[in-house]
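Please look at the sequence and the model first, and then follow the text through its aromatic residues, its core and its pocket.

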Amino acid sequence: MSGEKDRYSLGAFAVPVEGTIIKAPKELVDEEYPQILKEFDYMDFTNFSYSEERKAIDSARQVFVFAGIST
């Protein structure tokens, strides 16, 4: 960015409504591409992401710790 004028930015975020279940579409899961996360309630994950338990978990791994399927 260059110039002398002030510029403003606005962040817009979408948050699912309470009770929204996050899951992989069935057409994207098969033997070649197995499901790696269990279906989960978005609010349950949000609550987990603010819990004491998650403080010891790297943020990039939180969803896998929360909803990962062990193989």
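Predicted model: local features only at pLDDT ≥ 70, side-chain atom pairs only at ≥ 80, totals over all residues.

The structure holds five aromatic pairs, and one of them joins Phe-40 to Phe-66 in an edge-to-face arrangement, with 5.6 Å from centre to centre and 85° between the planes. Since Phe-40 belongs to strand E2 (residues 40-41) and Phe-66 to helix H2 (residues 62-67), the pair ties together parts that are 26 residues apart in sequence.

## The aromatic cluster and the nonpolar core

Which residues are linked into a cluster by ring pairs? They are Phe-40, Phe-45, Phe-48 and Phe-66. The largest nonpolar core has five residues, and these are Phe-40, Phe-45, Phe-48, Ile-57 and Ala-67. In soluble globular proteins, nonpolar side chains tend to be buried together.

When its neighbours within four places in sequence are left aside, Phe-48 is in contact with Glu-53, Arg-54, Ile-57, Gln-62, Val-65 and Phe-66.

## Thr-20 and the residues it meets

Thr-20 is found in the segment before strand E1 (21-22), and with a relative accessibility of 22% it counts as partly exposed. Leaving aside neighbours within four places in sequence, Thr-20 is in contact with Phe-40, Asp-41 and Tyr-42. Thr-20 and Asp-41 are 21 residues apart along the chain, and their C-alpha atoms are separated by 5.7 Å.

## The largest pocket

The largest pocket has a volume of about 160 Å³. Its lining is made up of 13 residues, of which Lys-23, Ala-24, Gln-35, Ile-36 and Leu-37 lie nearest the centre of the pocket. Sorted by class, the lining of this pocket has nine nonpolar residues, one polar residue and three charged residues.

Notes:
Residues numbered from 1 in each chain as written. Heavy atoms only, no water. 1 Å grid on protein atoms, 1.4 Å probe; cavity = no way out; pocket = protein on both sides within 12 Å on 5 of 7 lines; lining within 4 Å. Points joined across faces, edges and corners; volume = space filled by probe spheres on them. Nonpolar A, V, L, I, M, F, W, Y, C, P; charged D, E, K, R; others polar. Phe/Tyr/Trp six-rings, centres within 6.5 Å; stacked < 30°, edge-to-face > 60°. Helix = DSSP H or I, 4+ residues; strand = E, 2+ residues; numbered from the N terminus. Core = buried A, V, L, I, M, F, W, Y, C linked by side-chain atoms within 4.5 Å. Buried < 20%, exposed > 50% of the residue type's maximum accessible area, 1.4 Å probe, protein only. Contact = heavy atoms within 4.5 Å.
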